[in-house]
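The sequence and structure are shown first.

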Amino acid sequence: MASLSHTKRQRPTHTPAAYTPTCSKIGHIQSPKETYSPPPKDGKSAKKKGGNISKAEKERLQREADEQRRREEEEARIIAEREEIERLERERIEQEKQEQLELKDRERREDELNELRHILDENHSAVTAWESECKDKAKWERYMRCDGSPDPSVQPEINSFISLWREDSETQIKQVLENGALALQLTNELDFLLSEAPDPSVAQQYRETLLCLQSLIQWKLNQATEDLLKFANSHSDIETGNMQTVVQAENITLCLWANLNKNPRFKGFRFEEAGLGFELPKPLAVHDIAVRILHTRYDHLSHHSEREQLQRRRSMMESVLLTPPTESAAAVQDEKMEEVGGDELESSKSVEEDSRSVRSESRKRSAVSVISAKEGRKSSSIKLEEEGESQTEGITTALEADQNGFNSSPAEPVIDSADVHIVDLQQFTPLGGVFYFDVFHLPPQSHIVKGWEMRQLLETGLQVFPYPTEQSRVQSSTSVRPDEHSSTVASYPVGVTVALPDSILFLEDPHVARWDPNGQHWRADCISEASYDAETRSISFKMDAFYAFTLLQESYANMPFQSWELRPLGQDSAVFTITGALIEVSITVKGKQCMLQMEETKNLDHLLGKWMSPSELQKAMRRAGINIFVNEYSDKYVSINPKDPLIEHTVYEQMALMSSAVAFSWSRWNTQCGQEHLVIQACEQLEAGPVAEAAWSLYLLGAQRNQHLKMKEHDDSFSPELAEGSEFHSTFLHLLRQDMSTDGQARVRQSHHLYTDTVQRLLCATRVLTYS
């Protein structure tokens, strides 16, 4: 045993054949078909077996979910296909319905247009006949007046009046004011005659007579001023030692001050009863001078500037028309400036001829014809109207707006771009007349010698005192300080205080402009230290010399309009309300007469509550500073909602026809429908009073089609969907009439032609569909 444990084990020496291992044990180890799985010793193996089962379950659940999803997708596909089929079917039905409505509209289109055209033509013919009858009646009444006043349309009579008054040596202020009132009445008659667009030769004759009368009135006022100043010492004030007097008439206020005392400490004087005052520089206080502030409530200066600017516009447009496209802009400008220097009267005559042709052509325009023209541009009877792009017609139309203020291609307002101080009379309006602020040499006063009154008589007439002098002008141009030449009348500014006229409503603080007699226009330079006192309604400022001046207001201060409403009050009666940017204005229409109503009634008693014709009301409102009327240049100064002017005019014509029974109002969606369409609110209203909010309906109007919309004013988005049970119509008139009651239709049929013409004039003059 010991030897065995200490010796190395030897490999057996028996042969392989003699070696036979245990068959059962060898087979168990080497068999490839058996898998060995030892028995589990803990719980981990059980969990692993359970995890294999969850995975299979998940796979089964996933298969079920996929199957469910495929079923849902299939169901959604089927539903989508069914909805698409239904949608296509609805669209087909809607398309068929739309085609049927369009076909029905086309079938009756000609009848509707002819009916509307017939109504408009009848009204226009009746209005024209009435106007002609009124003119004949006015001529007869003028002929039968027999009050000694001349007829300004009869040249021998007016020439005799002018000659006799010019030769009359009477210079007493009261007699001059009486004759001046008559002459002013004649100028107003001539203005009215010119507004009727007479023949060019007659218009030229009227214009020359008008200018002659205006010059004669001013010349006579200067003579009366001289006569007052000759006797200044006999009317001197005890307290001041100077003469100050105020003479007032209906249209003229004369404030006169004569420096008799020559007090070097004199600063200025205020005419309390006239609300006018002035301040003199020290050098003038020691001279023999007289200061006059002549306030004329009429304006005989602005028309010179307007004619000048109109001539320059015409010259510029003619140069554009006549100049080849290859010519340079500088050549066009040179040609324009050469034409401006031509004779004023001849140019005015040409302008009058052009404007008359425009007016006569505009009267021939028919809004219905315009609609037809937009449908088919092949009708020869309307070729002149639809070819607005013609260059010649565009130039002619730009010269002056037509009677209703419509112009498809308005011209730019032209002023001297090189001189920014020239007042653009399209942008600003002179209000309250003209204030002539002058300084004159004091005429020699009388002296009492041994009981005799001695007076030196001069044949020079009223002499203007030069201020500033030529020497002071040179000093000013060479930047010499005034205190270095105190011995001369240096260019010290003169002060003026003006109380605003009571008959004028200034919507904003007024501006001041002075008259340039050389350039014949209003200017805004040479005016400084202007301040407005709202409590006393007075404005104070200084000028470097004595000028005629006026108060200006922006012409379109009350635009654009915020809203508007045209509401019937009964048969041939309605109220037209416009809410402007600053004030609200209401115009009541009854037949051919109009009456203005406003909440602001202070100082406007001469205007509010007075029945006037539409043209008279427009003039009176403009003179009072209440401008809601537009012209061909208004869109250059006002932010507008541009619309096709011919479509717009068509709508105004039909609104006027329906205004006795239908209320119309502004819609905020009018700005969302483009230039070729209009959106307006309307509803039948047979009772006087406010319109219920729920009663309004929206209408989409165009050149080809008019429709009643399903949407309401306060919806969130715009939709052109047609209202249920409604149809397309070619005219707004027939669209409204389809839903009107019997009483409403009867009221529309009975509307008087003068009433509809008045409403149409107001709508066309304000153009609320574009300027709101």
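**Charged pairs, cores and backbone**

Glu115 and Arg737 form a salt bridge, their closest N and O atoms lying 2.9 Å apart; the term denotes a side-chain nitrogen of Lys or Arg within 4 Å of a carboxyl oxygen of Asp or Glu. Because Glu115 belongs to helix H3 and Arg737 to helix H16, this pair ties together parts that are 622 residues apart in sequence. Helices (H or I, at least four residues) and strands (E, at least two) are DSSP runs, numbered from the N terminus. Glu115 is partly exposed, with a relative accessible area of 31%, and Arg737 is likewise partly exposed, at 23%. Here buried means under 20% relative accessible area, exposed over 50%, and partly exposed in between, with a 1.4 Å probe and protein chains only.

The model is predicted: local features need pLDDT of at least 70, side-chain atom pairs count only at pLDDT 80 or more, and totals for chains, interfaces and linings use all residues. Residues are numbered from 1 along each chain as its sequence is written, and side-chain values use heavy atoms, with hydrogens and water left out.

Across the whole structure, a search finds 28 salt bridges. Another of these joins Glu727 to Lys104, with the closest N and O atoms 2.8 Å apart. Glu727 lies in the loop between strand E23 (706-708) and helix H16 (732-737), and Lys104 in helix H3 (residues 44-143), so the pair ties together parts that are 623 residues apart in sequence. Lys104 is partly exposed, at 37% relative accessible area. Lys104 and Glu727 also belong to a network of salt bridges that includes Arg108 and Glu112. A further salt bridge links Glu529 with Lys542, whose closest N and O atoms are 3.8 Å apart. Since Glu529 is in strand E12 (residues 527-533) and Lys542 in strand E13 (residues 538-543), the parts tied together are 13 residues apart in sequence. Glu529 is exposed, at 56% relative accessible area, whereas Lys542 is partly exposed, at 25%.

As a whole, the protein comprises 18 helices and 23 strands. Of its 772 residues, 44% count as buried. Contacts are defined by heavy atoms within 4.5 Å; among those between residues at least 6 apart in sequence, 68% join residues at least 24 apart.

Which residues touch the most other members of the largest nonpolar core? They are Ile626, Phe664 and Phe732, in a core of 64 residues. Helix H15 (residues 645-658) supplies the largest share of this core, seven residues. Such a core is a set of buried Ala, Val, Leu, Ile, Met, Phe, Trp, Tyr and Cys residues joined through side-chain atoms within 4.5 Å. Leaving aside residues up to four places away in sequence, Phe664 touches residues including Trp564, Met655, Trp696, Phe732 and Leu736. A second, separate core of 36 residues includes Ile162, Leu190, Leu210 and Ala224.

Helix H18 (residues 753-766) has 13 of its 14 residues buried, so it is largely enclosed by the rest of the structure. After H18 comes Arg767, whose phi is positive, near 50°.

Helix H14 (residues 614-623) contains Arg623, which counts as exposed at 55% relative accessibility. The C-alpha atoms of Arg623 and Leu431 are separated by 6.3 Å, although these residues are 192 residues apart along the chain.

The backbone has further features to note. Most residues other than glycine have a negative phi, and most peptide bonds are trans. A cis peptide bond, with omega about -5°, joins Tyr467 and Pro468; Pro468 is in the loop between strand E8 (452-454) and helix H13 (470-477). Met559 and Pro560 are also joined by a cis peptide bond, with omega about 0°, and Pro560 lies in the loop between strand E14 (548-554) and strand E15 (563-570). Lys262, not a glycine, has a positive phi of about 55° and lies in the loop between strand E2 (252-258) and strand E3 (268-271). Arg537, also not a glycine, has a positive phi of about 55° and is found in the loop between E12 and E13.
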